[in-house]
Amino acid sequence: MSHTYFSSSSYLPPSIIYFPLSDVKSTLTMSISSVESMASLSSDLCYDILRRLDGATLASAACACAQFCSISKEEKLWENVCCSMWPSTNSDDVKNLISSVGGFKKFYADCFPLIVNKEVPEFHFNDYYEYPQEWTEAEYYGDDDETENISPSDFVSVVDIRFKDKTICSKILWGIPNANGFDGWFYNCPFRIDLLAFSANEKDEITLSLSDGLPPIWSIERERKDGKLWRELRDGIRLSWILVNRKTKKAANLSSWSPIGGQRHWPTDKDFLIRFGSILPAKDILPCRVVECILIMKFRVILTEGEDTETTLKLTELSMQLGDMEGSHVNGRNSLLVLKEALGCPRSKNYSEAIESCELYSKVQSELKEEKMRYENRLDTFWILGSIAACVTFCLYCL
């Protein structure tokens with residue numbers, strides 16, 4: 001299955017996507033100009049000013065003066081920032097979780113930047129056939145002793161979906177479903193989390209309609225021609241998938257915020273597939289040394305424009321998988337190891353860097369597939385020529 005990858009020019013920082021800066025800066029300037037010094041501002045007034053800021057501006061304001069720096073350490077300020085940016089953190093159980101892993105300020109610092117991995121190695125097709133000489137079976141399929149310290153129940157998924165700055169879905173998934181039992185089935189089979197299948201409110205449908213900002217479509221045939229609905233969906237949808245490890249007290253956002261690829265009218269004319277994700281390190285875990293965290297979101301057209309109906313899309317899938325360079329899915333055991341390491345890998349607030357790492361991975365992966373095809377073509381040619389030579393030899397022998 002091929003996917004269309006979007007150019008990095010379509011990505012906007014989350015601070016712009018979620019929290020366009022208001023006129024707080026101008027208000028702050030007017031307030032400061034009316035007093036002789038920052039010291040004359042009361043703590044209550046400073047707190048009132050800071051609580052109106054988004055996370056990025058609040059962090060900048062903390063560097064303005066000692067008073068702002070002291071007040072910005074208040075956890076309540078960062079709690080308001082996190083709850084505004086990720087509405088799923090507004091529940092009491094998630095608040096307790098965040099407090100247990102270091103507080104809201106640390107949570108924002110860990111999850112606001114995106115994962116960046118520029119160390120994508122250049123692979124050759126034959127590299128994948130050399131690993132059995134270098135990797136033992138226990139090393140490739142995961143060392144049981146190493147995974148004993150990792151439990152699927154340690155991980156918590158905090159997921160939010162926005163469309164044109166409006167939250168349409170907030171879900172929490174405690175642990176990894178179906179990870180226990182089945183005689184180790186989870187550890188040896190491809191890793192996958194289907195959030196909609198295992199969420200607590202699985203009967204609640206998540207839909208988008210004209211009231212959410214969708215353009216009207218009168219028929220699927222017309223949409224195939226102009227693609228207006230696809231463009232609006234692709235440009236307006238945003239995904240945040242934060243993974244928290246309760247044992248190591250680490251967290252990271254595995255999503256790319258904006259889509260990195262997608263495919264319209266697949267697998268049916270009414271379906272739209274959108275890809276998010278990030279590139280995660282797997283240096284001492286897998287031979288390929290890097291893997292792709294694949295976050296898939298699927299929408300289906302359930303209603304088109306009519307006399308008594310309006311254009312409506314339904315979210316039918318929201319899943320996570322890990323894939324290696326060849327496109328194979330990583331098993332559960334190695335996925336746990338990769339996810340544990342990913343929560344401590346480098347991040348950046350420069351969102352173009354995160355997108356560049358995804359594009360670099362895609363480029364290397366495409367080159368690997370092309371090399372694989374050339375290798376297989378040479379092999380086919382060799383066998384064809386060998387067969388012809390064998391036939392000619394046999395015929396000459398018979399004569």
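These questions and answers walk through a predicted model of a protein.

Trainee: How many helices and strands does the protein have?
Mentor: Start with the overall build of this predicted model. The chain folds into both kinds of element. The count is 17 helices and 13 strands.

Trainee: Is Glu292 buried or exposed?
Mentor: First place the residue: Glu292 sits in strand S11, residues 289-303. Its relative accessible area is 5%. The cut-off for buried is under 20%, so Glu292 counts as buried.

Trainee: Which elements give two or more residues to the lining of the largest cavity?
Mentor: The largest cavity has a volume of about 40 Å³. Its lining includes Leu114, Ile115, Gly277, Ser278 and Cys358. The elements asked for are strand S2 (114-115), strand S10 (271-282) and helix H17 (351-398).

Trainee: How many residues of that lining are charged?
Mentor: Sort the lining residues of the largest cavity by type. Five are nonpolar, and five are polar. Ile279 is one of the lining residues, and so is Ser255. The number of charged residues is none.

Conventions: Residues numbered from 1 in each chain as written. Predicted model: local features only at pLDDT ≥ 70, side-chain atom pairs only at ≥ 80, totals over all residues. Heavy atoms only, no water. Helix = DSSP H or I, 4+ residues; strand = E, 2+ residues; numbered from the N terminus. Buried < 20%, exposed > 50% of the residue type's maximum accessible area, 1.4 Å probe, protein only. 1 Å grid on protein atoms, 1.4 Å probe; cavity = no way out; pocket = protein on both sides within 12 Å on 5 of 7 lines; lining within 4 Å. Points joined across faces, edges and corners; volume = space filled by probe spheres on them.
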